[in-house]
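Here is a short report on one structure.

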Amino acid sequence: MSGIICYENVDICYNGSPVIKKVSFSAEKGEILGIAGESGSGKSTLIKAAIGLLGKNGSVTGGKIWYEEKNLLDLNEKELRKICGSEIGMIFQNAGSSFCPIRTVGDQLLEEMKEHRKIKKAEFEDEAAEMLAKFGFQDPKRILKSYPFELSGGMQQRVGVAAAMLLKPKILLADEPTSALDVSIQKQVVEQMKMIREQYGTTILIVTHNIGVIRAMADSMLVLKDGKMEEYGKTQEVLSHPQSDYTKRLLAAIPVLRR
Amino acid sequence: MRKYIIQRFLQLIPILIGITFLSFAMMRVAGSDAVTEMYENRGTAVSQEIIDAKKAELGLDQPFLVQYVSWLNGFLHGDMGTSYVSGKKVFDEFVSKLPATLLLTVMSILATVVISIPLGVLAAVCQDKWVDLLLRFFSFIGNAMPNFFVAMLLMQLLSIKLNLLPVIASGVNIRSALMPMLTLAISMSAKYMRQVRAAVLEELNKDYVQGARARGIRESVILWKNVIKSAMLTIITLLALSIGSLLGGTAIIESIFMWDGVGKLAVDAITTRDYPVIQAYVVWMALIYVIVNLITDLLYHCLDPRIRLGVNQNG
Amino acid sequence: MDKSARRKPKKQKNYLKKRFFIFATLALILVVGSYFSERLCPYDPYEQNLSIAKASPSLAHPFGTDRYGRDMLSRVIVGSKTSIYSTLLLVVGITVIGTIVGIICGWNGKKLDTILMRISDIFLAFPGLVFALAVAAVMGGGVQNAVIALGAISWPKYARIARSQTLAQKESLYMRAAILSGCSTGKLILKHILPNITGPILVTAMLDIGTMMMELAGLSFLGLGAKPPVAEWGSMMSDTRNLLTTHPWVTFAPGIAIFLSVMVFNLLGDTVRDLLDPRNER
């Protein structure tokens, strides 16, 4: 398999019991890959494994995760942390709580930037403001001075996306980025992610239980059930001609919405 | 914020009245025969008339509330009566011994902070590794030892076996303070280290730590700039609470090490039933504790932007 | 959280149950042993025999003898009755009183709640042992008075917990449903509130046993608890502390007894806490 990021027979265990079994897929530069499945199917675990966020109880027990000729699983913590943020960014379901509550957004973005390159504060402010403006903030400097809890849920999510894109990573991992949002804001976020791909050619792995989101943006999709791959292919093909029974049932369960 | 400070001060008033009233009432109930006892303490037998006259002089024949108000008035003017035993002014005697106790208390708190915060953080960071297990083991042992037992062990080890420090304090100085300080700090640290560890662990498990990791922030930066800063809020509050047990603990430790502070004064007063002194002790300690808690509370409000900016966290 | 969380939930639960069983047994041995303490002593703990005063530990007297020639082992065993029994009585007492006050406050709300909570505020404003010291001073020494003194400062903590739990339960949906379906107040409290608040209260009480035991010993150490010749660990240590230089075992024997008992009850308390922790459920 080729591609900028490539999973090869990945097994993941939590507390000794397997949650991901022999999953393989890959994504090209600029590709959007949707990972679907019901809750508990292991889809978040799958992308968290790439940047070592499985926590104490989880570990990758088999397989490889390739990123540009490097096996991410072979890197030590320091090397991996360098890649995080600068080459692989991540958006969380609840972006607000992914920021420290007692420090301002600006502080934390500056910290992120400083970890990866030398930068002056004024320079940073301009760059960060520019990035925030791209995600629809009218007054980015004010956002930088705010604490996370001062922003609304939708704003927090956009700040989360901006923070992930701050260093223009090549890959963006998105863990249910729309699930906690109102429908109107969901659409906004989907649009913004498409914009990201357009502008930066970023590869996006998006985990969601919302097939609508996948339909709207993903080039290819993967269906996960109990940690096993049920189906993997081009989004259109999978959606129009699902092969496995599980995918059929999953698709049948979605209420059809007119756009 | 200013509104909060004013509100907080207003809340203090009933508490202060309650503290003084309770202390006064307790001692008055106990000391209803205070005059008789005063004479007994001095070893002189006197007739009932003299006792009554003395009672009238001290205002003990007045109604209870009148007595309380006049006592409170005196207290506010620095008059806490005279000691039954020494015949000296209680207030003066008390104030003259307070610095020794405050010195010991402050030293113990500093030692506790220096010992337990780094160790607590270390234990949390090395969760379940041998360092953590070892520290938890020590903290567990320390938690099960009453402070006077710790005092005796230290005496046996440091003074008798190793001959490093004096068993009994000789005057109020740093060298004499080391043993009582160490005792109090060991007892306090054992408990406090556990709390620091728990507070840091709780922060470490929060989502923002994962967020920061995903943004590529080094573990050390996450720990020092984010986690410890957040955990500090809890840590400060817990420290203020443990000062309560420290203030009580000094009474025992001071009398073991013959440290000439208010704790020893109080314990001595208890044996001689010198009620005005005990009363002064209780009121003063409660006042100090209330003030410490007030300061902590205000500090907490300054440090936490969520509260400082008055944003409701439910959203 | 702790190392135990890494295990599988089911395994974890079994492990906790095993731990609970061990420590509960140890605690039970302590309690039962202290009840029959008089029969367990090898010697009469109060009998003086100056010819063997201050004897070093030996086979006949494993902890040595004190300055009156009384066997320390026997005194430590008999001391358990005062120390352990009074502590348990104290903890049970404050738990019951605190819980009742808390439930009344939480359930009634309004004026009674305000008044009782202000009163508990005042008690909580005193640093722990300081107030107990004063109460004990006023009432004079004696184990009973020391227990009352400690009880006086400790109940508000339980009242607070019970009150907040009651309030939380009262607001819950199932409670409203029960009220609407016409349950009587007594039944509501007994059947719905009480079972739901016992968890936190029980954990607090279990963890308090050790602390209370040490504070009670502390008061006795200051001469405000048990009076000599009654054997009590705290007063025994205070009694013999001038022998520390020459005959340390006499002082350390009761100290170690306090240490071990507190440890057993703390371990039991920790286990009960973990056992009732919902994170360890499933």
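Helix α6 (residues 143-171) of chain C packs against helix α8 (residues 185-221) of chain C. Their axes lie 10 Å apart, at an angle of about 160°. Axes here are lines fitted to C-alpha atoms, for helices over the stretch in contact, and angles run from 0 to 180 degrees between N-to-C directions. α6(C) and α8(C) are therefore roughly antiparallel. The classes are: under 35 degrees roughly parallel, over 145 roughly antiparallel, 65 to 115 roughly perpendicular, the rest oblique. The crossing of α6(C) and α8(C) is right-handed. A crossing is right-handed if the near helix is turned clockwise from the far one by less than a right angle, and left-handed if anticlockwise.

α5(B) and helix α6 (residues 130-143) of chain B pack with axes 8 Å apart, at about 135°. That angle makes α5(B) oblique to α6(B). Their crossing is left-handed.

## Basis of the model

This is a predicted model: local features need pLDDT of at least 70, side-chain atom pairs count only at pLDDT 80 or more, and totals for chains, interfaces and linings use all residues. Residues are numbered from 1 along each chain as its sequence is written, chains are lettered from A and ligands numbered from 1 in the order in which they are written, and side-chain values use heavy atoms, leaving out hydrogens and water.

## Chain make-up

Chain C has 10 helices and zero strands. Helices (H or I, at least four residues) and strands (E, at least two) are DSSP runs, numbered from the N terminus. The C-alpha trace of chain C spans about 75 × 50 × 30 Å along its principal axes. Of the 282 residues in chain C, 52% are buried. Buried means under 20% relative accessible area, exposed over 50%, and partly exposed in between (1.4 Å probe, protein chains only).

Chain B has 13 helices and zero strands. Buried residues make up 52% of its 315 residues.

## What the record marks

UniProt, in an unreviewed entry, places "transmembrane region" at residues 20-37, 84-107, 128-153 and 246-269 of chain C. UniProt positions follow the numbering used here, feature names are shortened, and annotations may be inferred rather than shown by experiment. Residues 20-37 of chain C are 94% helix and 0% strand, with end C-alpha atoms 25 Å apart. Residues 128-153 of chain C are 88% helix and 0% strand, but their end C-alpha atoms lie 7 Å apart. Y85(C) sits in helix α3 (residues 72-108) of chain C. Y85(C) is partly exposed, at 34% relative accessible area. Its C-alpha atom is 27 Å from that of P248(C), 163 residues away along the chain.

For chain A, UniProt lists "domain: ABC transporter" at residues 5-251, again from an unreviewed entry. That span is 40% helix and 26% strand. Its end C-alpha atoms are 27 Å apart.

## Aromatic pairs

How many aromatic pairs does the structure hold over all chains? There are 17. Rings of Phe, Tyr and Trp (its six-membered ring) pair if their centres lie within 6.5 Å; planes under 30 degrees apart count as stacked, over 60 as edge-to-face and the rest as tilted. Why is the pair of Y7(A) and F25(A) called stacked? The ring centres are 4.4 Å apart and the planes meet at 20°, so the pair is stacked. Y7(A) lies in strand β1 (residues 5-14) of chain A and F25(A) in strand β2 (residues 17-27) of chain A, so the pair ties together parts 18 residues apart in sequence. Y7(A) is buried at 0%. F25(A) is buried too, at 0% relative accessibility.

In chain B, the rings of F94(B) and W284(B) have centres 5.9 Å apart and planes at 25°, so this pair is stacked. F94(B) belongs to helix α5 (residues 90-125) of chain B and W284(B) to helix α12 (residues 275-303) of chain B. The pair links distant parts of the chain, 190 residues apart. F94(B) is buried at 0% relative accessible area. W284(B) counts as buried at 19%. Elsewhere in chain B, F21(B), F24(B), Y68(B), W71(B) and F75(B) form one aromatic cluster.

## Charges over rings

R158(A) lies over the face of F137(A), 4.5 Å from the ring centre. In chain C, K170(C) lies over the face of W107(C), at 5.9 Å. The criterion is NZ of Lys or CZ of Arg within 6 Å of the ring centre and within 35 degrees of the ring normal.
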